[in-house]
Amino acid sequence: MKSPISTAAPRERFDATGRRVLLVCVAGGFTTLLDQSVLNTSIPALRESLHAQPAHLQWIVAGYSLAFGLALVPGGRLGDVWGRKWFFVTGLAVFTAVSVLSATATEPWVLVAARLLQGVGAGLVNSQMIGTIQDVFHGQLRARALGMYAVTGGLAFALGPPIGGAVLAAVGPEFGWRLTFLLNVPFGLATVVLAARCLPRPRPGARHANLDVVGLLLVAALTLVLMLPFVQPPAWTGRLAFAAGAAVLLGALVGWQRRQARAGGHPLIHPALTRSAPYALGTAVAMAQFGSVVAAGLVLAMFLQDGLGLSPMVAALVALPSAVSMGVASALAWRVVQRFGRRTVTAGMTVSALVMLTGGLVVRWGPTGALPWLLAALQLLGGAAAGVMSATNQAYVLRHAPAEAAGVSGAILQMAQRIAAAVCVSALSGVYLRATGGGGGHRAAYTYASVVCAAVAALAVLASVFASRAVAREDGRPGRSGEATEPGGKAEVSGRASTGEAAGPGAGGRSGQGGEVRARR
């Protein structure tokens, strides 16, 4: 039965205070998200300058995502308890100061440590941004603010490669990679000043943060055990030991979460989230999609410069169509969703997997001179597919988060994505770097890495099929309204269901109402 068509409400406008708060949040998001996309272009130059080993490169890239993800939940909880303003300022100040340390590093291990600290700062900032948006804005304004924050992330992702390529082309690789880290500094300083002046005063909430420290440590340990075999490949006995360790840690995490729930505590992963099939399967889709896309982007940047000998600027231009089409597709995703519904996610993920596989085959057997053009065309298609499915999947995931866990659902989703990115980057960069070092050549190495990326994306396709069935079962139950879209209606995602990469890392419960999709003419 279709929902009645409601009269469109007047378009709400941000007042002066709201515009200032939104400016600060958008600036903070741009500063922290630009860093990752710029770095991919600089990796080959950085490796030569610091004489970095493959393990160093893996930690430099993956360590940031790992620390970012692990800082989201405690950052959100601390902001809920003590107020968000000064945690935002502190996180951004740490991120900015450590950017200078990264730029002046003379040893690979110094840069690894700096990237870990930067990730902590970025996670602390992003958790406060989403929480602040939900504290300050409501209804239509909240949905618009979350959408603008997501678009900013896409813009930073799109501008990062050409900015990094232009800097390296202008000053040379030796100092260019250092300057790319310093790009964060003026943005960071300006945003710190704006945040101190414009963000609302802290309004402490509950007396205790109720942070599951043991659960967070178990997640961190499990992630490290999954990463280390790719960073420092052991013998087969060592691989068995790592596999056994991962199984033990996973069992300990599950047991601890159940114990916390039975004791009336606040487990890191709310048990209701694991019992919700649409949420759990949708999170698995998001993890595989985000991890494979981030890892594929890094491997592509290395292949274009190391394998084809392209300049950083030209390599950035080859990757640019992906970011542009992803941003456009994310903005238009609702038009596809209103017609095809949840199947949009499965179709988009299938296209992404095929693009990755095709890219590997094209590089393996295609003519060298045509490879940049062929890869750019594939990037355009892959970015569009990722943009459509990513925004749609996150909206569905958060819409089906159980009401009792709505406050932490966005935080867990983005933490899971960041941890998946850390593991995938470690694995795929390890596959590529060791294949080139083994004498197989850059083309063969890129093909191997692309096939692995496609396999990870294929797992996301499978999870998406099961998620669609779970959504259909839930929407068919009495009391459920089914898909809250209708022909001609626009799916508006409110609450914690933002679009784009940042899906709501704030961990508080004051304003979290879960992801609600409303029909709007």
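These legends describe close-up views of a predicted model.

**View 1. Helices H1 and H3 cross at roughly 30 degrees.** H1 covers residues 16-50, and H3 covers residues 85-103. Their axes come within 12 Å. Angles under 35 degrees count as roughly parallel. H1 and H3 are therefore roughly parallel to each other. The crossing of H1 and H3 is left-handed.

**View 2. Side by side, H1 and H3 meet through residues from both helices.** On the H1 side, the contact residues are Val24, Gly28, Thr31, Thr32 and Asp35. On the H3 side, they are Phe88, Leu92 and Phe95. By class, this contact holds four nonpolar, three polar and one charged residues.

**View 3. The second largest cavity holds about 50 Å³ of space.** The model has three cavities of 30 Å³ or more. The lining of the second largest cavity includes Leu34, Asp35, Val38 and Leu39. Thr180, Phe181, Leu183 and Asn184 also line this cavity. H1 gives the most, with four residues. The lining of this cavity divides into five nonpolar, two polar and one charged residues. Asp35 links this view to the previous one: Asp35 lines the second largest cavity, and Asp35 in H1 is also part of the contact with H3.

**View 4. The second largest pocket holds about 1,000 Å³ of space.** The lining of this pocket comprises 30 residues. Which of them lie nearest its centre? They are Leu222, Leu250, Leu253, Ile269 and Met287. By class, the lining of the second largest pocket has 25 nonpolar, four polar and one charged residues.

**View 5. Several helices supply the lining of the second largest pocket.** Helices H8 (213-231), H9 (236-262) and H10 (271-275) each supply at least two residues. So do helices H11 (277-307), H15 (406-437) and H16 (441-475). Which helix gives the most to this lining? H15 does, with seven residues.

Note on methods. Residues numbered from 1 in each chain as written. Predicted model: local features only at pLDDT ≥ 70, side-chain atom pairs only at ≥ 80, totals over all residues. Heavy atoms only, no water. Axes fitted to C-alpha atoms, helices over the stretch in contact; angles between N-to-C directions. Parallel < 35°, antiparallel > 145°, perpendicular 65-115°, else oblique. Left-handed = near helix turned anticlockwise from the far one by under 90°. Contact = heavy atoms within 4.5 Å. Nonpolar A, V, L, I, M, F, W, Y, C, P; charged D, E, K, R; others polar. 1 Å grid on protein atoms, 1.4 Å probe; cavity = no way out; pocket = protein on both sides within 12 Å on 5 of 7 lines; lining within 4 Å. Points joined across faces, edges and corners; volume = space filled by probe spheres on them.
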